[in-house]
Amino acid sequence: MVKKWAREIIIAGIIGILTPISTSIGSKLATDDWLNYVELVPDYIWIIFGIAIVAWIAYVAIKKRKNEISGIHGILINDPSTMWFPWVTTLHKEVNWRVVGSTQNYNPNAIILGQRPPHCPKCDTELEQNRSFWRGYIWTCAKCNWKKRNKDSFHTEAKRVERITKSELEKRHGSSFS
Ligand SMILES: [Zn+2]
């Protein structure tokens, strides 16, 4: 399934490309000239339209990055109705992840949460994450200066940890978790 932000960017791109093309096709059909209608629209309207499309795409991209960074940290504290407990510490992408689950531990609907940030493999301190200048992220340990470059963020890797843990639990306890 295409992610929501990707879909929004694709839609913006399609509208950006289709609007001048359909104007031109309409012009050809009605007046037998590709450019009659296109020229009828003042230049500044096309410029504003172009800027709006670019701004839309930029907005979706910025929103996506913001969502990734903000994460879901508060859940453990904010939901007193669910008891959370640590399940396992697991190694993924060279760092330690704490995985917690809800009280219905082997229920198929149990919620499994890969906690962020992960911890340093050397000294078990919470890692910091900064965007790399070119691409990806740099994870650093404030205590022992351990450092690693990773293509994806804490958020994305934590989701993978959740899926892997769920799969391992299913293997261990049967597909029904019971
Ligand atoms: Zn460390």
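Q: What makes α1 a bent helix, and at which residue is the bend placed?
A: Helix α1 bends by about 30° at L18, where the bend is the angle between axes fitted to the seven residues ending there and the seven starting there. A proline, P20, follows within four residues. The model is a predicted one, in which local features need pLDDT of at least 70, side-chain atom pairs count only at pLDDT 80 or more, and totals for chains, interfaces and linings use all residues. Residues are numbered from 1 along each chain as its sequence is written.

Q: How do you know that P20 lies in a helix?
A: Helices are DSSP runs of H or I with at least four residues, strands are runs of E with at least two, and both are numbered from the N terminus. P20 lies in α1, which covers residues 4-31.

Q: Why is the length of α1 said to agree with its number of residues?
A: The expected span of a helix is 1.5 Å times one less than its number of residues. The 28 residues of α1 should therefore span 40 Å, and its end C-alpha atoms are 39 Å apart, which agrees. After α1 comes D32, with a positive phi near 60°.

Q: Why is P20 called partly exposed?
A: A residue is buried if 20 or more other C-beta atoms, placed from the backbone, lie within 10 Å of its own, exposed if 12 or fewer, and partly exposed in between. P20 has 15 within 10 Å, so P20 is partly exposed.

Q: Is K93 buried, exposed or partly exposed, and why?
A: K93 has 16 C-beta neighbours inside 10 Å and therefore counts as partly exposed. K93 is in the loop between β1 (84-92) and β2, and has a positive phi of about 55° although it is not a glycine.

Q: Why is N145 classed as exposed?
A: N145 has 10 other C-beta atoms within 10 Å, so N145 is exposed. N145 lies in the loop between β5 and β6 (147-150), and its phi, near 65°, is positive in a residue other than glycine.

Q: What makes V99, V100 and E162 contacts of L113?
A: Two residues are in contact if their C-beta atoms, placed from the backbone, lie within 7 Å. Leaving aside neighbours within four places in sequence, L113 is in contact with V99, V100 and E162.
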